[in-house]
Amino acid sequence: MTAYVHHRVVRFGDCDPAGIVYFPVFFDWFHQAMESWFDDHLHEPYASFLTHHGLPAVHSECDWSVPCT
């Protein structure tokens, strides 16, 4: 199985004044990538999948080792 790659542009509003990505933004990006994966690999929109099958998110966490600029 190959890794799924979802490209996106880091916008000015995603960062704090020092140019470091504001950490909660990553969770939105993770969700965007997951939704794209459903479209690209399951060929079913994420919203449709949820309606028919359900897929609750019960826990999410992330550890950062360095700032993302």
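W64 is partly exposed, at a relative accessible area of 37%; by the cut-offs used here, buried means under 20% relative accessible area, exposed over 50%, and partly exposed in between (1.4 Å probe, protein chains only). W64 sits in the segment after α2 (46–53). Helices (H or I, at least four residues) and strands (E, at least two) are DSSP runs, numbered from the N terminus. The model is predicted: local features need pLDDT of at least 70 and side-chain atom pairs count only at pLDDT 80 or more, while totals for chains, interfaces and linings use all residues. Residues are numbered from 1 along each chain as its sequence is written, and side-chain values use heavy atoms, with hydrogens and water left out.

**Overall form**

The chain has 2 helices and 0 strands. Its radius of gyration is 15 Å, whereas a compact globule of 69 residues would have a value near 11 Å. That radius is taken over C-alpha atoms, and the globule rule is 2.2 Å times the number of residues to the power 0.38. Along its principal axes, the C-alpha trace of the chain spans about 45 × 25 × 25 Å. Of the 69 residues in the chain, 13% are buried.

**Aromatic residues and the nonpolar patch**

W64 belongs to one aromatic cluster, formed by Y22, F23, F26, F27, W29, F30 and W64. The structure holds 10 aromatic pairs. Rings of Phe, Tyr and Trp (its six-membered ring) pair if their centres lie within 6.5 Å; planes under 30 degrees apart count as stacked, over 60 as edge-to-face and the rest as tilted. One of the pairs joins F26 and W64, and it is tilted because the planes stand at 55°, with the ring centres 5.6 Å apart. F26 lies in helix α1 and W64 in the segment after α2, so this pair ties together parts that are 38 residues apart in sequence. F26 is buried, with a relative accessible area of 13%, whereas W64 is partly exposed at 37%.

F27 and F30 form an edge-to-face pair, with 5.7 Å centre to centre and 75° between the planes. These two residues are separated by about one helical turn, because they are 3 residues apart in helix α1. F27 is partly exposed at 29% relative accessibility, and F30 is also partly exposed, at 41%.

The two pairs are set out below.

| Pair | Centre to centre | Angle of planes | Class |
|---|---|---|---|
| F26 and W64 | 5.6 Å | 55° | tilted |
| F27 and F30 | 5.7 Å | 75° | edge-to-face |

Y22, F23 and W64 also make a nonpolar surface patch of about 360 Å². Patches are made of residues with over 30% relative accessible area and no salt bridge; like charges are joined within 9 Å, and nonpolar side chains (Val, Leu, Ile, Met, Phe, Trp, Tyr) within 5 Å. Accessible areas come from the Shrake-Rupley method with a 1.4 Å probe, and for residues only the protein chains shown count as cover.

M1 is found in the segment before α1 (24–42). At 100% relative accessibility, M1 is exposed. The C-alpha atoms of M1 and D14 are 31 Å apart, for a separation of 13 residues along the chain.

D14 takes part in a salt bridge with R8, the N to O distance being 3.5 Å. A salt bridge is a side-chain nitrogen of Lys or Arg within 4 Å of a carboxyl oxygen of Asp or Glu, and a search of the whole structure finds 1. D14 is buried, with a relative accessible area of 12%, whereas R8 is partly exposed at 33%.

**Cysteines**

The structure holds 0 disulfides, a disulfide being a pair of cysteine sulfur atoms within 2.5 Å. C15 is in no disulfide, and the nearest cysteine sulfur, that of C68, is 7.7 Å away. C68 is likewise in no disulfide, its nearest cysteine sulfur being that of C15. C15 is partly exposed, with a relative accessible area of 23%, and C68 is partly exposed at 31%.

**Backbone at H43**

Most residues other than glycine have a negative phi. Phi of H43 is near 55°, a positive value in a residue other than glycine. H43 is placed in the loop between α1 and α2, and at 65% relative accessibility it counts as exposed.
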